[in-house]
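Please keep the sequence and the structure in view while reading.

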Amino acid sequence: SGERPCDLSYRAVFRKAGSGVHLIPTDFATLAEALASEQVVEGDVIRFATGTHVFDASAHVTDETTTYSCLGAIRKSVIVEGTGSSPNDTQIDCGGSGGIIVDHPEAVVRNLSFTNFVNETELADPILYVNQGVASNVCVNGLTALTAHKGFKAKTCMVYVGVGALFTDSQVFGYTNTQWTGNIDVVWLNAGTMRRCKISRNRVNAYMAQVTGAPSQVEECEFSDNYGYSCGGV
């Protein structure tokens with residue numbers, strides 16, 4: 001008939017929502033950039049490549065809800081994870097500021113190690129603010145390569161676990177508060193659950209784990225070699 005045949009190379013390709021894996025830093029330079037992108041949809045995975053990721057002030061954003069400085073606020077059902085068999089395979093250097101906010105009931109942060117989330121002169125926001133969702137197989141490491149114990153003035157706690165949230169199979173260690181101003185807890189459970197976690201080698205002026213709200217739960221956790229006004233902390 002002389003009509004031009006269909007060119008199948010121009011077919012639209014539709015992928016199922018939630019089938020995408022987005023890599024940092026290959027696909028996105030920062031977590032905040034990935035979370036803000038329309039390409040990252042419900043059910044997707046944001047994965048950090050193996051190694052150490054150093055994020056300076058330019059990679060941090062101020063969360064409008066909490067006013068915390070953070071690397072990103074997760075408010076959709078995505079998984080943020082590290083690559084490798086251990087959290088230590090994927091290190092997140094927070095550049096002396098806050099870490100990650102988890103604020104969705106189906107959001108998950110897992111298999112990551114957080115370091116350098118404090119400085120000695122300014123207020124530091126919680127490294128993990130799990131208001132909703134799950135943080136699993138995470139290391140919150142207060143030790144740095146340059147300073148064995150780095151103290152600071154902090155807001156309330158290092159790890160916050162909100163109503164119905166789960167902090168599990170993780171470690172919080174090596175955090176020292178040297179300025180001793182205000183009450184600074186290692187973990188604050190506000191009607192959340194901490195399960196199979198190890199809290200060790202911390203030196204603080206308050207609680208290793210403060211429990212408020214109901215029903216807060218501490219299950220199968222280990223507290224060892226801590227020093228503070230409430231060493232047991234529960």
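How many salt bridges does the structure hold? The structure, which is a predicted model, holds eight salt bridges. Several of them are described below, after an overview of the chain.

## Overall architecture and confidence

The protein chain contains one helix and 21 strands. Of its 234 residues, 50% are buried. The chain exposes about 11,200 Å², and carbon and sulfur atoms supply 50% of this area. Among contacts between residues at least 6 apart in sequence, 72% join residues at least 24 apart.

The mean pLDDT of the chain is 83, and 79% of the residues reach 70 or more. Over residues 4-17, however, the pLDDT is below 50, and this stretch has seven contacts in the model beyond near neighbours in sequence. Residues 145-152 also stay under 50, and for them the model has 26 contacts beyond four places in sequence. Where pLDDT is low, predicted coordinates should not be read in detail.

In soluble globular proteins, nonpolar side chains tend to be buried together. The largest nonpolar core of this model has 46 residues, of which L128, V159 and V187 touch the most other members. At least two residues of this core come from each of α1 (31-36), β2 (45-48), β9 (100-115), β11 (128-141), β13 (157-161) and β16 (185-190). Strand β9 provides the largest share, six residues.

What surrounds V159, leaving aside its neighbours within four places in sequence? V159 is in contact with I127, L128, V140, F167, V172, V186, V187 and W188. A second, separate core has six residues, among them Y68, C70, Y129 and C157.

T115 belongs to strand β9. Is T115 buried or exposed? Its relative accessibility is 12%, so T115 counts as buried, the cut-off being under 20%. Beyond its neighbours within four places in sequence, T115 is in contact with Q91, I92, D93, C94 and N141.

The side chains of R110 and E81 meet in a salt bridge, with 2.8 Å from N to O. Because R110 lies in strand β9 and E81 in strand β7 (residues 79-82), the pair ties together parts that are 29 residues apart in sequence. R47, E81 and R110 are linked in a network of salt bridges.

A salt bridge also joins R196 and D169, whose closest N and O atoms are 2.8 Å apart. R196 is in the loop between β17 (193-195) and β18 (198-200), and D169 is in the loop between β14 (166-168) and β15 (171-173), so this pair ties together parts 27 residues apart in sequence. R196 is partly exposed, with a relative accessible area of 39%, and D169 is partly exposed as well, with 32%.

K198 and E222 form a salt bridge through their side chains, at 3.9 Å from N to O. This pair links distant parts of the chain, with K198 in strand β18 and E222 in strand β21 (residues 222-224), 24 residues apart. K198 is partly exposed at 31% relative accessibility, and E222 is partly exposed with a relative accessible area of 40%.

Most residues other than glycine have a negative phi, and most peptide bonds are trans. Which peptide bond involving P25 is cis? A cis peptide bond joins I24 and P25, with omega about 10 degrees. P25 lies in the loop between β1 (21-24) and α1. The peptide bond from A214 to P215 is also cis, with omega near 5 degrees, and P215 is found in the loop between β19 (209-212) and β20 (217-219).

Positive phi values occur at N137 and A191, neither of which is a glycine. The phi of N137 is about 55 degrees. N137 lies in strand β11 and is partly exposed, with a relative accessible area of 29%. The phi of A191 is near 65 degrees. A191 is found in the loop between β16 and β17, and at 9% relative accessibility A191 counts as buried.

Key:
Residues are numbered from 1 along each chain as its sequence is written. This is a predicted model: local features need pLDDT of at least 70, side-chain atom pairs count only at pLDDT 80 or more; totals for chains, interfaces and linings use all residues. Side-chain values use heavy atoms; hydrogens and water are left out. A nonpolar core is a set of buried Ala, Val, Leu, Ile, Met, Phe, Trp, Tyr and Cys residues joined through side-chain atoms within 4.5 Å. Buried means under 20% relative accessible area, exposed over 50%, partly exposed in between (1.4 Å probe, protein chains only). Helices (H or I, at least four residues) and strands (E, at least two) are DSSP runs, numbered from the N terminus. Contact means heavy atoms within 4.5 Å. pLDDT is the predictor's confidence in each residue, from 0 to 100. A salt bridge is a side-chain nitrogen of Lys or Arg within 4 Å of a carboxyl oxygen of Asp or Glu. Accessible areas come from the Shrake-Rupley method with a 1.4 Å probe; for residues, only the protein chains shown count as cover.
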